[in-house]
Amino acid sequence: LAKLSLEQGDPLGWFEVLYQENGTEGTVIPWADHVPNPHLVEWARKNPGTLVGKKALKIGCGLGDDAEYLEQLGCLVTAFDIAPTAIAECRKRFPDSSVRYEVQDLFQSPSAWTAGFDFVLESYTLQVFPPDLRRQAIPILSGYLAPSGTLLVVCRGREENQEPGGMPWPLTRPELNAFLQTGLQEIAFEDYIDHENPPVRRFRVQYEKEKA
Ligand SMILES: C[S@@+](CC[C@H](N)C(=O)[O-])C[C@H]1O[C@@H](n2cnc3c(N)ncnc32)[C@H](O)[C@@H]1O
């Protein structure tokens with residue numbers, strides 16, 4: 001689906017189609033584990049209490065597990081996805097949730113979100129964007145942060161001289177360094193191999209927006 005969509009010059013068109021086709025003829029959503037991202041959970045355990053009362057934004061929320069986890073940690077959460085079917089599914093799965101689920105395209109998101117969040121979580125969305133969209137997304141993600149706000153990025157990682165291979169395309173450190181040109185400071189850059197089978201190299205990066 002993704003390949004076809006990219007070949008047709010519509011790199012964002014396949015997400016909604018995939019969510020709609022989920023469960024039909026053996027189609028599955030590869031990232032929909034129905035549990036919060038383990039790299040987020042580990043980070044939150046290492047940084048206890050830091051998110052209580054924070055206004056949080058989850059990028060490309062999929063079926064909502066990370067957004068619900070952030071809510072459980074005490075955040076006031078807005079979560080958005082370009083795919084209406086994904087957002088409908090979030091509302092169906094979590095009918096009593098206080099997470100604000102919205103259908104939005106990152107590249108056309110509301111101006112009211114600018115500088116509107118203390119914590120922004122980006123996990124696994126940059127890595128499904130082709131390089132030009134990644135470059136465009138980085139200042140947008142940074143722009144959501146209020147002064148002193150935190151951005152957490154979780155993605156696949158590779159060296160610059162390694163081939164990216166097929167989607168999801170691992171990011172390189174120089175690519176991520178584009179965040180530093182947007183008024184963010186790097187607080188932590190973790191580079192590790194996870195416990196999946198087969199194991200995957202991950203980057204988990206914490207940035208902080210400059211103070212007002
Ligand atoms: C690889 S999935 C990751 C989903 C979720 N973060 C997770 O880890 O399970 C990327 C998600 O981003 C959404 N997405 C892709 N492009 C988007 C855009 N331009 N604006 C908002 N959401 C987008 C997709 O629909 C999909 O749910």
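These legends go with a few close-up views of a predicted model.

View 1. Start with the big picture: the ligand sits in the largest pocket. Helix H2 (14-21) and strand S2 (76-81) are the elements that give two or more residues to the shell around the ligand.

**View 2. Who lines up around the ligand.** Count the neighbours here and you get 19 residues surrounding the ligand. Tyr-19, Asp-81, Asp-105, Leu-106 and Ser-123 are the closest. Sort the shell by class and it comes out as 11 nonpolar, five polar and three charged residues.

View 3. At Gly-60, a polar backbone atom is 3.0 Å from a nitrogen atom of the ligand. At Ile-82, a backbone N or O atom lies 3.1 Å from a nitrogen atom of the ligand. Thr-125 brings in its side chain instead: a polar atom there lies 3.4 Å from an oxygen atom of the ligand. As for cover, the ligand has 590 Å² of accessible area on its own, and the protein covers 95% of that.

**View 4. A look at Gln-72.** Now over to helix H4 (residues 65-72), which is where you'll find Gln-72. Gln-72 counts as exposed because its relative accessible area is 65%, and the cut-off for that label is over 50%. Val-52 is in this view too: Gln-72 and Val-52 are 20 residues apart along the chain, and their C-alpha atoms are separated by 9.3 Å.

How values were computed:
Residues numbered from 1 in each chain as written. Predicted model: local features only at pLDDT ≥ 70, side-chain atom pairs only at ≥ 80, totals over all residues. Heavy atoms only, no water. Near = heavy atom within 4 Å. Polar contact = N/O pair within 3.5 Å; in protein donor to acceptor, adjacent residues only side chain to side chain. Areas by Shrake-Rupley, 256 points an atom, 1.4 Å probe, with all protein chains shown as cover. 1 Å grid on protein atoms, 1.4 Å probe; cavity = no way out; pocket = protein on both sides within 12 Å on 5 of 7 lines; lining within 4 Å. Sits in = over half its atoms within 2 Å of the grid points. Helix = DSSP H or I, 4+ residues; strand = E, 2+ residues; numbered from the N terminus. Nonpolar A, V, L, I, M, F, W, Y, C, P; charged D, E, K, R; others polar. Buried < 20%, exposed > 50% of the residue type's maximum accessible area, 1.4 Å probe, protein only.
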